[in-house]
Structures are given as structure tokens and as C-alpha cells.
Amino acid sequence: MPSTLDRVSGQPAPSEITPRALYEGRRGWMKRLATGVLGSGLATWAAREALAAEGSAKGAALVGAKSAVAGAVTMEKSTSRADATSYNNFYEFGTDKADPARNAHTLKTRPWTVAIEGEVKKPKIFGIDELLKLSAMEERIYRLRCVEGWSMVIPWVGYSLAELIKQVEPTGNAKYLEFHTLADPKTMPFVGSRVLDWPYVEGLRIDEAMHPLSLLAFGMYGEVLPNQNGAPVRLVMPWKYGFKSAKSIVKIRFVEQQPKTAWVKAAAQEYGFYSNVNPKVDHPRWSQATERRIGEDGVFNKKRPTLMFNGYEAQVGSLYAGLDLSKNY
Ligand code: MTE
């Protein structure tokens with residue numbers, strides 16, 4: 001268990017989630033920000049960008065038909081939109097849960113492209129409008145379990161990542177997908193801090209990526225994604241800890257070797273490549289047996305049992321047959 005808890009949320013503090021050396025590097029950086037070395041320029045630039053962002057498609061409707069994919073619609077009560085859009089992890093905008101909602105107005109989501117490269121027969125750069133039209137939008141209501149011990153239930157809008165993969169025709173050498181997300185120091189105030197080695201890179205095995213539950217999401221709660229939730233396009237991997245669900249994706253590389261992800265680079269002994277939700281394999285510093293559902297339990301009340309593969313074992317368990325899940329955490 002963590003030795004210190006965030007006083008407001010009852011979750012492990014950023015200093016616990018983030019390896020100490022990186023966290024201390026971040027504190028030095030924040031000090032410079034506070035003492036104005038970086039601060040004054042940042043403030044005027046932020047105001048300018050906020051004005052520029054006005055008039056983009058914020059809050060526009062984006063609806064999808066109820067998904068017919070097995071397991072894609074949980075009947076559990078959804079987390080309120082207010083909670084799901086104000087309690088976030090998006091370290092490019094800060095490490096406190098309220099930072100992304102406060103800071104991500106600077107993210108420019110148009111124009112936006114996603115480059116597909118590497119081991120594919122048809123590499124291509126997709127514009128965001130092309131991606132939006134690539135397949136029929138579906139609504140998926142997924143549980144989201146963060147490695148920190150909290151969870152939500154969120155109605156996403158998007159389509160299976162497999163739809164995009166089919167378009168680019170992976171070669172026989174494509175064993176993994178590597179997701180690169182935007183790392184723009186001009187619009188993302190924490191890119192440049194030492195919290196992580198930017199850009200935020202995530203990865204999946206190709207059979208995981210092809211699973212129909214793997215979602216490329218463009219919206220939530222019937223609207224386009226708010227910036228703090230990873231606009232304009234993100235992954236949602238419901239059976240894996242939330243950090244596998246990369247936000248604001250700009251590039252997908254098909255590769256032969258297992259990608260070096262940002263969290264594995266930061267602390268391989270704590271955050272593995274697979275990161276499947278598993279109540280039997282604890283984080284080295286806290287238990288993963290139970291979780292706190294945001295908006296439901298008391299602040300310190302981690303009373304809900306965590307489910308194997310976050311409750312998606314019937315759908316995805318066979319992907320991991322024969323794999324030692326305590327070694328491949
Ligand atoms: N993607 C990027 N680019 N940067 C991040 O810091 N945080 C991850 C994931 N994707 C993160 C990211 C973590 S730890 C979680 S739990 C989820 O996003 C949170 O998604 P949400 O804020 O929409 O609930």
C-alpha cells in the first residue's frame with residue numbers, strides 16, 4: 001500500500017505513482033514555473049490559445065448506435081459526466097486530477113492527423129474527419145479501472161480499432177502496435193517536465209489490438225471528447241489499467257518488437273507492458289484486490305472487489321492462455 005495518500009482523493013499521491021527521481025525533477029520544474037522563470041510567458045500564451053480554441057467543435061453531439069459487440073455495454077450505473085471530465089489523468093497537462101480540466105483548453109484538436117507507419121502494406125496519414133467517417137459510430141459503456149485503485153463507468157463513442165487496422169493491411173512482421181500521442185510543449189505545459197519521457201507512448205500486441213472490444217474513441221456521453229479526456233481521438237482498452245488507453249493519438253506504428261512504453265521506461269518493476277487488470281497481482285506498493293468507484297464510495301472507501309480482466313475475462317481471457325500473468329503483469 002502507498003505510504004502517503006492524496007488528501008483529497010484518498011488515492012496514492014503523484015509522488016507514489018511516479019518514481020521518486022522523476023517526481024523530484026518535476027518539483028524543480030514546477031518551482032521554476034512558480035517563480036516566474038517560465039510562468040509569465042506561459043500565462044499570456046495560454047490566454048491567446050484559449051481564445052483561439054473558441055469556436056471549435058467543443059460539446060458537439062457525437063452519437064453512436066448501441067454496440068452489438070459481446071461485453072461492450074455494461075448495465076452498471078454510469079459515472080456522472082461531471083466526474084469523468086474533471087477527475088483525470090493526462091500528465092501532459094499536470095499530475096493533479098483537476099489539472100487536465102483546468103489546463104487542456106490549450107490543446108488544438110484541429111487540424112489533426114494520425115500517421116499509420118511501419119509494418120503495413122498501406123501506410124497512410126489520416127485526417128481526423130476521414131477517421132470520423134471510417135466506420136459506423138457505436139456507443140460502448142465500459143468500466144475503466146486505473147492502476148491507482150479507482151474506477152468509473154463511461155459511455156464512449158467510437159468504433160473497434162480493428163476497423164482502422166484492416167484498412168492499412170499489416171504485414172506478417174507486424175507483431176505489436178506502438179501508439180504515440182501528441183507532445184507539444186507549446187500547448188501542453190508539462191511536456192518538458194521530467195515526469196515521463198515524452199511523448200507518452202503505449203503499446204499492444206496485435207491480437208489485443210484486433211480484439212473487437214479495443215476501442216478507438218472520439219466521443220463520450222454522446223458528445224465529442226472533451227480535451228481533458230484525450231480529444232480528438234484516443235484508445236480505450238477496458239480490460240487493462242487505464243494508462244494503456246493512450247489519449248490524443250498522432251501516430252500508430254506497426255512493429256516487430258515489443259514497444260518501450262512511457263510507463264515501462266519510467267518504472268518497469270511497477271508498470272508492465274500487459275497491465276491487464278488483475279486483482280491477484282498487486283502493485284509493489286499497494287493492493288489491487290479492491291477499488292473505489294468514483295462518485296459512489298466514500299473518499300477512502302476502496303470497497304468494490306476488482307474483477308479479473310476488469311470483468312471482461314469471458315471476452316479476452318483466451319488471449320492470454322498459457323501466459324504467466326504474475327510475470328507478465
Ligand atoms: N494518455 C496520455 N497521453 N497521457 C496520460 O497521462 N493517462 C492515462 C490514460 N491515457 C494518460 C493517457 C491514465 S493513467 C488513465 S487512468 C487514463 O488515461 C484516464 O483517462 P480519463 O482521464 O479519460 O479517465
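Reply: Happy to! A word on terms to begin with: a residue counts as buried when its relative accessible area is under 20%, as exposed when that value is over 50%, and as partly exposed in between. Please keep in mind that the model is predicted.

Let's start with the pair Arg140 and Glu138, whose side chains form a salt bridge with an N to O distance of 2.8 Å. Arg140 has a relative accessible area of 0%, so Arg140 is buried, the cut-off being under 20%.

Next come Asp129 and Arg110, joined by a salt bridge at 2.9 Å, N to O. This pair ties together distant parts of the chain, 19 residues apart: Asp129 belongs to helix H6 (residues 128-133), while Arg110 lies in the loop between helix H5 (99-103) and strand S2 (113-118). Asp129 is partly exposed at 40% relative accessibility, and Arg110 is partly exposed at 39%.

Lys166 and Glu163 meet in a salt bridge at 3.5 Å, N to O. Because they are three residues apart in helix H7 (residues 161-168), about one helical turn separates them. Glu163 is partly exposed, with a relative accessible area of 29%.

Some salt bridges also join into a network, which links Glu76, Arg143, Arg145, Glu291, Arg293, Glu296 and Arg304. For the whole structure, the search finds 22 salt bridges.

Technical notes. Residues are numbered from 1 along each chain as its sequence is written. This is a predicted model: local features need pLDDT of at least 70, side-chain atom pairs count only at pLDDT 80 or more; totals for chains, interfaces and linings use all residues. Side-chain values use heavy atoms; hydrogens and water are left out. A salt bridge is a side-chain nitrogen of Lys or Arg within 4 Å of a carboxyl oxygen of Asp or Glu. Helices (H or I, at least four residues) and strands (E, at least two) are DSSP runs, numbered from the N terminus. Buried means under 20% relative accessible area, exposed over 50%, partly exposed in between (1.4 Å probe, protein chains only).
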